[in-house]
Structure formats: structure tokens, C-alpha cells
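Me: I am new to this structure and would like to learn how to read its features. Could you take me through them slowly?

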Amino acid sequence: MTRENTTTPRPRGGLVSKRQAILDGALTVFARDGYTRASIDAISAGAGVSTRTIYNHFTDKAELFLAVIQESATRAADVQIAIIDRHLRKVTDLEADLIEFGRDWATPMPDSAAHFSMVGQINAEAGHIPQEAIDAWQETGPRRVRRELAGHLRRLADRGLLRIDDPDRAALHLLLLISAELPTHHASLSAEELTETVAAGIHTFLHGHLR
């Protein structure tokens, strides 16, 4: 007669928390130092784990960066898509709703600050970053967000509120126009200054797309 195995499986919560600690620590380091200068030693110090623990979860820095940029881009995109949905799901006053959307979009998001610092680092050293990571970031973040915005613009066009031939291009133009005149560090702008700057971009967008 065989003995039944009653061994209780070991909880995996510790492994999950270790992995998340590594991702969080790596995000901080990549945002501060960029991909090329970031070291596994610095990441292990930031994450509060050993370098051996990092290598137990990730083969090398490239694989770790890929995981970090995908998770970070997903979180940032979720926030941005929520802004799009909140303002453009039910448009009652096209210009006013677009300006409110632009204000919300352009307002700095503290929870996403590290992500956008890392994006700045990516743009500065794109030639030294694995293409797989750049493609993953673009698809998980910016392209996903633009597709969502394009869908809303297409529906506004279907309602006869806008004239749009290419919703994807219109979405890109709208995002660029919202931020075109914003200074690099615009957190210090007053609410009035932010509204004025965003409104100028929205007016330009509507000039080209109103029916």
C-alpha cells in the first residue's frame, strides 16, 4: 500500500514578492541611470535582494529590462486610457470636453513619474537598448493608448462631430498638439496657464478636423 503524499505545497507568495521587489527596484535604477549605465549591483541594492536572487528570476539585464518596461508601460497606459475613457466616452460639448481631456492628460502623474523618466532615458539611448524591449514598450504603451484614442475619435466622426480620414493619425496629432507648447518641466504651470496652452492645441486640432 502506498503512502498518500500529504505534503503541503510551499507558498509562492515569497517568490512573487521578491520578483516584484526586483521589478520595482530596477524601474527606479533604469529611470535614474538609463539602460546602459544601470548595473545589476545597483538594482540589487535598490530592490533589497542579492544579485543571485535577481539571476534566479532573470537571465540577464536585457531580460530584466524587458520585463520592467512591459509592466511599467502597462500601468502607465492603463492610467492614460482611463483618462481617455473618462472624458471622451460621452462627449456633450466637443471643444470643452476635449480641453478637459487635454488638461487631465497634460497634468503630471506622480505615480507614473518613474516610468516617464525611463522613457526619457530610452529616447536618449535608443541605439543601445535591445530592439525587442523598445518594440514591447511601444506596443504595450504608446501604440495601445493611441489605438484607444483613435477608437473614440472614430466614434466622434461617426456622430458627425469631426471630419477624420485616418483616426490613428488624428490621435497622434491630437496628443502632439496638446503638449506641443508645454515646457519640458510644466508641473509649475498654473491651472490657467495649463488650460490656455492645452486649449491652443485643441483649437488647432479642431481647425483641421471640424466638419
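This is a predicted model: local features need pLDDT of at least 70, side-chain atom pairs count only at pLDDT 80 or more; totals for chains, interfaces and linings use all residues.

Me: Which residues of the largest nonpolar core touch the most other members?

Reply: A nonpolar core is a set of buried Ala, Val, Leu, Ile, Met, Phe, Trp, Tyr and Cys residues joined through side-chain atoms within 4.5 Å, where buried means under 20% relative accessible area, exposed over 50%, and partly exposed in between, with a 1.4 Å probe and protein chains only. Here the largest core has 33 residues, and F101, L149, L153 and L174 are those that touch the most other members. At least two residues of this core come from each of helix 4 (61-88), helix 5 (94-106), helix 8 (142-158), helix 9 (167-179) and helix 10 (191-209), helices being DSSP runs of H or I with at least four residues, numbered from the N terminus. Another core, of 30 residues, lies apart from it and includes Y35 and W137.

Me: What is L149 in contact with, leaving aside its neighbours within four places in sequence?

Reply: Contact means heavy atoms within 4.5 Å, and by that rule L149 is in contact with I84, L88, F101, A171, L174 and L175.

Me: How do helix 4 and helix 5 cross?

Reply: Two packed helices are described by the angle between their axes and the distance between the axes. Axes are lines fitted to C-alpha atoms, for helices over the stretch in contact, and angles run from 0 to 180 degrees between N-to-C directions. The axes of helix 4 and helix 5 come within 9 Å and cross at roughly 160°, which makes helix 4 roughly antiparallel to helix 5, a label for angles over 145 degrees. Among the residues that meet are I84 and L88 in helix 4, and L98 and F101 in helix 5.

Me: Where do the axes of helix 9 and helix 10 stand by comparison with that label?

Reply: Their axes come within 8 Å and cross at roughly 150°, so helix 9 is roughly antiparallel to helix 10. Residues including L174 and I178 in helix 9 meet residues including V198 and F205 in helix 10.

Definitions and conventions. Residues are numbered from 1 along each chain as its sequence is written. Side-chain values use heavy atoms; hydrogens and water are left out. Angles under 35 degrees count as roughly parallel, over 145 as roughly antiparallel, 65 to 115 as roughly perpendicular and the rest as oblique.
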